[in-house]
Amino acid sequence: MALFTQDTKIKSLRQAPLFEGLSKRELTELARRSEDMELDAGTVLCREGDVGQEFFVILEGEVEVKRKGKRLGTRGAGDFIGEIALLEDIKRTATVTAKTPLHVFVLTRPAFQHLVNEHPAVERKVLRTLARRLAALSTDPAVS
């Protein structure tokens, strides 16, 4: 059952730093491949140490983020969780649990990879964005 319009999803995806270089058409393709979900308070979206497979966009509700049992903070409407899981088999760095009922949409790695296989320019744009972010964070003078 669709909870969100394509326009709502596109607007949200446009805010995700990972997708900043994508065109409206490419964002539409991502949105089309996502799944709308309603989750109850207490639901664990991702667990620290597990390998991630999903990228979550929170449209309504609030989650708590913990690392090694220590509360790091909360995230809410308009926030994203797990974008790197779309690209690599990397262990989650925190546990994220719904504090309230949530309305989210989820993009899985297989859905993202399928899109990348059909539209290789998407992967190039995402990798350029990651490279710019890495260069901005680097203190190594050879990187700039």
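Begin by selecting the open sheet of 4 strands, whose order is β2-β7-β4-β5 with antiparallel pairing; strands here are DSSP runs of E of at least two residues, numbered from the N terminus, and two of them pair if DSSP finds at least two bridges between them. β2 (44-46) and β5 stand at the edges with a single partner strand each, so one side of each has no neighbour in the sheet. From one strand to the next the twist averages 30°, taken between axes that are lines fitted to C-alpha atoms, with angles running from 0 to 180 degrees between N-to-C directions.

This is a predicted model, in which local features need pLDDT of at least 70 and side-chain atom pairs count only at pLDDT 80 or more, while totals for chains, interfaces and linings use all residues. Residues are numbered from 1 along each chain as its sequence is written, and side-chain values use heavy atoms, with hydrogens and water left out.

Next, select β2 together with β7 (residues 95-98), which run antiparallel and are joined by 2 bridges; C46 stands opposite V96 in β7.

Then move to the largest pocket, of about 350 Å³. A pocket is an open set of points on a 1 Å grid over the protein atoms alone, where a 1.4 Å probe fits, with protein on both sides within 12 Å along at least five of seven lines, and lining residues have an atom within 4 Å of a point; its volume is the space filled by probe spheres set on the points. Of its 17 lining residues, I81, G82, T93, A94 and V96 are the closest to the centre.

Finally, select P17, R75, D79, F80, G82, E83, I84, L130 and R133, which line the second largest pocket, with a volume of about 160 Å³.
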